[in-house]
Amino acid sequence: MSATKSQVRRCVYCGDLVGWHWQGQRLKDGSKIYLDAQGRRWAGRRCASCEKKRVQTAIRFNRFDRELLTRELAARGYRVKKFANPIVAETAGKTCHIPVRKACTDGRAITIEEPLPDDSAESCVLLFSSSRVFSRQQIQQMAAAKTLQIFA
Ligand SMILES: [Zn+2]
């Protein structure tokens, strides 16, 4: 048998047909290393372009995000198992994936960076990342009027 085996596979994320070539290379565990037409590795599920995009859109959650989200999701019946994108959680004894999307708002409409996958959980997490500057006095006034909450 030839060491070069060429075919195409459909990426399950973008749906594109991508060359799937094995040129005799293997990982340490013996599994075959497949490459696309540009020589980039891809295992046959998520193409190299989608993998690159996934890494770029990977979201890091700091302790503040984690605590807020743990509480909010618990209130909706989810127990978080892993903070990633999507968040892996458990609800009613079943594991589910909660998509995370960066979002911005102009005060009227919310824009999210990309659509939610069809197979995701009933909930999703939108991460708002706009920045605005406030004076210390404004913060104190909003706190007094209860329009600003301080995480505790
Ligand atoms: Zn793809």
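User: In E5, which residue is the bridge partner of Lys 82?

Analyst: The partner of Lys 82 is Val 88 in E5. Two strands pair if DSSP finds at least two bridges between them, and strands (E, at least two residues) and helices (H or I, at least four) are DSSP runs numbered from the N terminus. E4 and strand E5 (residues 87-91) run antiparallel and are joined by three bridges. Arg 79 stands opposite Glu 90 in E5, and four residues lie between E4 and E5 in this hairpin.

User: Before I go on, what kind of model is this, and how are residues numbered?

Analyst: It is a predicted model: local features need pLDDT of at least 70 and side-chain atom pairs count only at pLDDT 80 or more, while totals for chains, interfaces and linings use all residues. Numbering starts from 1 along each chain as its sequence is written.

User: Where in the chain is confidence lowest, and where is it highest?

Analyst: Read pLDDT as the predictor's confidence in each residue, from 0 to 100. Here the chain averages 87, and 95% of the residues score at least 70. Strand E1 (residues 5-10) has the lowest confidence, with a mean of 80, and strand E4 (residues 79-82) the highest, at 95.

User: Which strands form the open sheet, and in what order?

Analyst: Three strands make it up, in the order E4-E5-E6, with antiparallel pairing. E4 and strand E6 (94-98) are the edge strands, as each pairs on one side only. On average, neighbouring strands of this sheet are turned by 40° against each other, direction ignored; for such angles, axes are lines fitted to C-alpha atoms, for helices over the stretch in contact, and values run from 0 to 180 degrees between N-to-C directions.

User: How many helices and strands does the chain have?

Analyst: There are three helices and nine strands, and along the sequence they follow β-β-β-α-α-β-β-β-β-β-β-α. The radius of gyration, taken over C-alpha atoms, is compared with a globule rule of 2.2 Å times the number of residues to the power 0.38. For this chain the radius is 22 Å, well over the 15 Å that the rule gives for 152 residues, so the chain is more spread out than a compact globule. Along the principal axes, its C-alpha atoms fill a box of roughly 75 × 35 × 30 Å.
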